[in-house]
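Trainee: I'm new to this structure and would like a close look at one part of it. Could you walk me through it slowly?

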Amino acid sequence: MDLTYRPRRLRRSDAIRSMVREHNLGADDFIYPLFVHEGDNVQEIGAMPGAKRWTVEALIGEVQRAWDLGIRCIVLFPKVNESLKTEDGSECFNEQGLIPRAIRRVKEEVPGMAVMTDVALDPYSCDGHDGIVSPDGIVLNDQTVENLCKQAIVQAQSGADFIGPSDMMDGRVGAIREALDDEGFDHVGIISYTAKYSSAYYGPFREALDSAPRVVSSKPIPKDKSSYQMDPANAREAIVEAQLDEQEGADILMVKPGLAYLDIIYRLRQESELPVAAYNVSGEYSMIKAAAERGWIVEKDVVLETLLSFKRAGADLILTYHACDAAEWLGG
Ligand code: PBG
């Protein structure tokens with residue numbers, strides 16, 4: 001054939017492929033989500049093979065391991081004792097609560113590690129919603145935001161570097177920014193769950209925290225989170241959320257889940273100059289684990305290809321439960 005262009009010339013060898021590679025993964029792209037609980041043993045999580053519920057002390061070892069592999073940020077999620085859960089989730093701003101204690105210990109033992117937190121009421125609420133549910137079954141916006149601000153301040157006081165509002169209440173980024181600034185935490189950043197969809201991919205996470213929405217009294221409880229998390233059918237709406245988050249002072253925008261929403265990551269990358277993060281959520285993790293356990297796919301190759309797809313779509317940062325494995329595979 002008489003061809004002028006032969007794209008295969010750039011695929012001929014490892015050396016040439018590496019010269020023209022457009023995207024690379026590194027351990028410092030990852031934010032490592034970790035679960036912590038009050039118990040005195042480290043627990044397996046049935047729906048998330050390889051992930052654990054750490055005790056505060058065992059958590060330190062895992063954070064140190066992540067640090068040694070080149071990971072530079074973790075995000076902490078609490079499995080709160082049922083006895084501490086209330087309708088208004090007020091345990092979330094207890095200074096002696098699980099998350100404040102865990103942050104302080106991490107900062108004492110692995111001071112270089114950046115710590116991100118999750119702001120929402122669901123781990124602390126007896127009915128599993130991210131906000132306060134009214135007597136007639138409405139998830140209240142403005143009352144919830146008041147509690148979220150208190151939660152964010154306690155987390156900042158404990159040493160958090162980034163506050164991560166995952167609740168999807170309107171106006172919460174601006175309110176949290178103002179509350180942090182008023183208390184002297186203008187150096188603490190906000191990684192906003194900007195485009196967080198009402199997704200079935202969160203199932204394994206809700207098992208890990210025992211936080212799925214549920215009925216506990218005669219109060220009507222919405223069966224899902226679709227009155228505040230975004231409709232999976234919507235893309236333009238993610239731009240509206242991103243513009244609001246920017247105006248309200250978010251430092252980093254996040255898209256969640258990741259894999260089924262690569263188009264949203266791409267759109268936010270085009271629309272905003274802020275760093276964009278992708279959350280490779282629990283259901284995405286567990287599907288790879290399950291297929292790999294059956295020998296249907298090669299875990300390492302599928303994980304690295306998946307993580308690279310977030311970079312290619314435009315993400316700067318990736319929250320992933322595969323973080324330590326991937327860092328090891330990348331040569332950490
Ligand atoms: C809670 C929260 C959820 C996740 C992160 N923060 C679950 C939810 O919104 O129900 C999900 C993370 C995952 O699935 O890995 N606000």
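Trainee: In which strand does Asn280 lie?

Mentor: Asn280 lies in strand β11, residues 276-280; helices (H or I, at least four residues) and strands (E, at least two) are DSSP runs, numbered from the N terminus. Before going on, note that this is a predicted model, in which local features need pLDDT of at least 70 and side-chain atom pairs count only at pLDDT 80 or more, while totals for chains, interfaces and linings use all residues. Residues are numbered from 1 along each chain as its sequence is written, and side-chain values use heavy atoms, with hydrogens and water left out.

Asn280 counts as buried because its relative accessible area is 1%; buried means under 20%, exposed over 50%, and partly exposed in between, with a 1.4 Å probe and protein chains only. The side chain of Asn280 makes a polar contact with that of Thr320 at 2.8 Å. A polar contact is a pair of N or O atoms within 3.5 Å; within protein, one must be able to donate a hydrogen and the other to accept it, and residues adjacent in sequence count only if both atoms are side-chain atoms.

Now compare that with a loop residue. Ser217 is in the loop between α6 (203-209) and α7 (236-248). Ser217 counts as partly exposed because its relative accessibility is 36%. Its side chain reaches the backbone nitrogen of Lys219 at 3.2 Å. The loop between α6 and α7 also holds Asp210, a residue with a positive phi of about 55° although it is not a glycine. Asp210 is partly exposed because its relative accessible area is 37%.

Met168 likewise has a positive phi, of about 65°, without being a glycine. Met168 lies in the loop between β8 (162-165) and α5 (172-182), and it counts as buried because its relative accessible area is 4%. For background, most residues other than glycine have a negative phi, and most peptide bonds are trans. A cis peptide bond, with omega of about -5°, joins Lys256 and Pro257. Pro257 is in the loop between β10 (252-256) and α8 (262-271).

Lys256 also leads us to the ligand: 18 residues surround it, and Lys256 is one of the closest, with Lys196, Arg206, Lys225 and Tyr321; near means that a heavy atom lies within 4 Å. A side-chain N or O atom of Lys196 is 2.6 Å from an oxygen atom of the ligand, and a polar side-chain atom of Ser166 lies 2.8 Å from a ligand nitrogen atom.
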